Amino acid sequence: MRCELQHRYSPEFEGLPNDQSKFNGRHKCAGCAYEKGMESGRLKASSITIDFESLPNSQAGTVRHKSVQAAFARGYLNGVLESYQ
Ligand SMILES: [Zn+2]
């Protein structure tokens, strides 16, 4: 499964650290990880997990080789912040 969404080119992901470890969601789409984190954040989920297997792959654009954990965490934070607005 490969991500074809436009978020692959979002400049928002440029600042994320690189991570190519195969244990950390290597080649998974950081944009999709961000969206998943954001969903959990909006719901203020009290327990969060990153299911790497459920994320599509992406080797394109600004999400290429970016840390999926950092993307997820940033999404979670933004989702929580949004829930207060
Ligand atoms: Zn994606």
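1. His65 is found in the loop between H1 and H2. This is a predicted model. The backbone of His65 has a positive phi of about 60°, although the residue is not a glycine. With a relative accessibility of 17%, His65 counts as buried, because the cut-off for that class is under 20%.

2. A positive phi also occurs at His27, about 70°, and His27 is not a glycine either. His27 belongs to the segment before H1. Its relative accessibility is 25%, and His27 therefore counts as partly exposed.

3. The loop between H1 and H2 also holds Ser67. At 6% relative accessibility, Ser67 is counted as buried. The side chain of Ser67 reaches two backbone nitrogens: that of Ala70 at 3.0 Å and that of Gln69 at 3.4 Å. Once neighbours within four places in sequence are set aside, the contacts of Ser67 are Leu16, Pro17, Asn18, Asp19 and Ala30.

4. Ser47 likewise has its place in the loop between H1 and helix H2 (68–83). Is Ser47 buried or exposed? Its relative accessible area is 62%, so Ser47 is exposed. From C-alpha to C-alpha, Ser47 and Gly37 are 11 Å apart in space, and 10 residues separate them in sequence.

5. Lys28 is in the segment before helix H1 (30–42). Lys28 is buried yet has no salt bridge. Why does Lys28 have no salt bridge? The nearest side chain of opposite charge, Glu53, is 4.8 Å away, whereas a salt bridge requires the nitrogen and the carboxyl oxygen to be within 4 Å.

6. The side chain of Lys28 does reach the backbone oxygen of Leu55, at 3.1 Å. Apart from neighbours within four places in sequence, Lys28 is in contact with Phe52, Glu53, Leu55, Pro56, Asn57, Ser58 and Val68. Glu53 is thus one of the contacts of Lys28, although the two form no salt bridge.

7. How many salt bridges does the structure hold? There is 1. In it, the side chains of Glu82 and Arg42 meet at 2.5 Å, N to O. The pair links distant parts of the chain, since Glu82 is in helix H2 and Arg42 in helix H1, 40 residues apart. Glu82 is partly exposed, with a relative accessible area of 31%; Arg42, at 44%, is partly exposed too.

Note on methods:
Residues numbered from 1 in each chain as written. Predicted model: local features only at pLDDT ≥ 70, side-chain atom pairs only at ≥ 80, totals over all residues. Heavy atoms only, no water. Helix = DSSP H or I, 4+ residues; strand = E, 2+ residues; numbered from the N terminus. Buried < 20%, exposed > 50% of the residue type's maximum accessible area, 1.4 Å probe, protein only. Lys, Arg positive; Asp, Glu negative; His and termini not counted. Polar contact = N/O pair within 3.5 Å; in protein donor to acceptor, adjacent residues only side chain to side chain. Contact = heavy atoms within 4.5 Å.
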